[in-house]
Amino acid sequence: MNEHEIQTYLLNLLALEKIMAIRINNGRRGHIKMASVKGISDIIGITPKGKFFAVECKAYKGKVSPEQEVFQNAVVSSNGLAFVVYDIGECGQVVNILKQS
């Protein structure tokens with residue numbers, strides 16, 4: 001699966017579980033730079049108990065950039081949850097953790 005398919009699958013799972021999440025469009029679209037925070041994860045949200053989370057979706061063998069690592073470390077340092085998923089099986093595991101957090 002590619003990154004977009006993993007993101008879509010995860011967003012659908014999160015919606016089914018009524019976990020608030022949004023997809024962040026980062027990077028470039030033609031001449032327009034679509035950036036908010038360098039390295040921000042693909043999906044961010046809030047768990048049912050109010051904890052911030054960030055999920056970076058990668059295709060098989062995809063690598064997290066140094067900026068993405070910095071962002072995820074900042075999330076964890078702020079008592080949030082950060083994940084990297086490489087396939088849809090991992091999406092289910094993440095959703096289960098988020099439901100309890």
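A salt bridge, taken here as a side-chain nitrogen of Lys or Arg within 4 Å of a carboxyl oxygen of Asp or Glu, joins the side chains of E17 and K99 at an N to O distance of 3.7 Å. Because E17 belongs to the loop between α1 (3-16) and β1 (20-23) whereas K99 belongs to helix α3, this pair ties together parts that are 82 residues apart in sequence. E17 is partly exposed at 36% relative accessibility, and K99 is partly exposed at 36% as well, where buried denotes under 20% relative accessible area, exposed over 50%, and partly exposed the range in between (1.4 Å probe, protein chains only).

The model is predicted, with local features requiring pLDDT of at least 70 and side-chain atom pairs counted only at pLDDT 80 or more, while totals for chains, interfaces and linings use all residues. Residues are numbered from 1 along each chain as its sequence is written, and side-chain values rest on heavy atoms, with hydrogens and water left out.

Two salt bridges are present in the structure, and one of them links K58 with E56, whose closest N and O atoms are 3.6 Å apart. K58 is buried, with a relative accessible area of 8%, and E56 is likewise buried, at 1% relative accessibility.

I88 is located in helix α3 (residues 88-100) and is partly exposed, at 32% relative accessibility.

Notes. Helices (H or I, at least four residues) and strands (E, at least two) are DSSP runs, numbered from the N terminus.
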